[in-house]
Amino acid sequence: MGLSNESTQGAAAEDDRDDPCHILIVEDEVSTAEMLTAYFSSLGYQVSHAGWGQDAVNLATRIQPDLVVLDIHLPDIDGYEVCMQLRNQPRTEHTPVIFLTERRERVDRLTGLELGAVDYITKPFDVQELRFRVRNALRRSSRETLLHPITGLPTTLLIEEEIARVARHPELAMIGVTISGMPEFSDAYGFLTHDDVLRAVALILRNTATESLGAELFVGQLDLYQYVIVTPAGQDTFVVIGRLDERLNEAASFFYPHRDWERGTRSDGTEIPRLGFDIRLVDVASFTAPGGLNALRQALMGPRV
Ligand code: CA
């Protein structure tokens, strides 16, 4: 069913690999799909397209693209469902996904679901921004998803190892940090500022974790707005949590233009979007699923225990 075709124009991808990176574009709006196909083909990517969600899942399983650009609104199953199905298959579970979202619907749902979304872009989008996002996501993927392209922190594969390590060692504990309000912040101040904030938060987490205990601690990036830290269990954990809470809230003012922060409003009179930091202890011992990434996401999103 639906429209689904593959085009393989373009030889040399703009990424620094020899074989062209393969992008799967999932979008039912013909004009947008054609524009994206032409654009990324012209940059040297190999591009495939699906207009229906279920076709996209089947095609992705078959061709194993390097990246999926995924619209939320599709005629059959929606983009969230497509992403969930990709995550549930070994052939596509680590494939980076960039969501195309509508501005009004917000992307908080993305972090609420266990999708492990790499990134998102809001329609109507700037094609240069999408290109930038695609390139970042592919860089990350070419490093086998070991390091996050924006913050340089270790990502899911290494976090999986840490979950196993903490589960085996009762003398270790895991702390989760979730930033809220970033989509609204990005709408207000742009994606470059958004990325600066993510880098600053990563730096604060790394420095605070190390300074609190005078030892190098593991700091990883689970999803775009979710981080984890491995500390010694017991009192040390709470020392780190207390310090993080203090540092992050102190630093928040520096993320905004000075005048906006002072006034509490932007130049157009609207209230500045507030960032929040949820810092919590994660009960890794309660995880049952192998890998534990989804259990970890649930533990970070659910009510505090
Ligand atoms: Ca659509």
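This is a predicted model: local features need pLDDT of at least 70, side-chain atom pairs count only at pLDDT 80 or more; totals for chains, interfaces and linings use all residues.
H73 is partly exposed, at 42% relative accessibility. H73 is one of the protein donors of a calcium ion.

**Calcium site**
- The protein donors of the calcium ion are E27, D28, D71 and H73.
- E27 gives OE, D28 and D71 each give OD, and H73 gives O.
- These donors lie 2.1 to 3.1 Å from the ion.
- Along the sequence, the donor residues follow the spacing E-D-x42-D-x1-H.
- D28 and H73 link distant parts of the chain, 45 residues apart.
- D28 sits in the loop between β2 (22-26) and α1 (30-42).
- H73 sits in the loop between β4 and α3 (79-87).
- D28 has a relative accessible area of 28%, so it counts as partly exposed.

**Helix α6**
- Helix α6 covers residues 156-168, 13 residues in total.
- At 1.5 Å a residue, α6 should span 18 Å.
- The C-alpha atoms at its ends are 18 Å apart, which agrees with that span.
- Buried residues in α6 are T156, I159, E162, I163 and V166.
- These residues cover an arc of only 105° around the axis, so they lie on the same side of α6.
- E161 and R168 are exposed on the other side of α6.

**Helix α7**
- Helix α7 runs over residues 182-189.
- Six of its eight residues are buried, so α7 is largely enclosed by the rest of the structure.
- The buried residues are M182, P183, F185, S186, A188 and Y189.
- Just after α7 comes G190, with a positive phi of about 95°.

**Backbone geometry**
- Most residues other than glycine have a negative phi, and most peptide bonds are trans.
- Q64 is not a glycine, yet it has a positive phi of about 45°.
- Q64 is found in the loop between α2 (53-63) and β4 (67-71).
- With a relative accessible area of 39%, Q64 is partly exposed.
- The peptide bond that joins K123 and P124 is cis, with omega about -5°.
- P124 belongs to the loop between β6 (119-123) and α5 (127-142).

Key:
Residues are numbered from 1 along each chain as its sequence is written. Side-chain values use heavy atoms; hydrogens and water are left out. Helices (H or I, at least four residues) and strands (E, at least two) are DSSP runs, numbered from the N terminus. Buried means under 20% relative accessible area, exposed over 50%, partly exposed in between (1.4 Å probe, protein chains only). Donors are N, O and S atoms within 2.8 Å of the metal (3.2 Å for Na, K and Ca); water is not among the atoms, so sites may look incomplete. The expected span of a helix is 1.5 Å times one less than its number of residues. The arc is that of the directions from the helix axis to the C-beta atoms.
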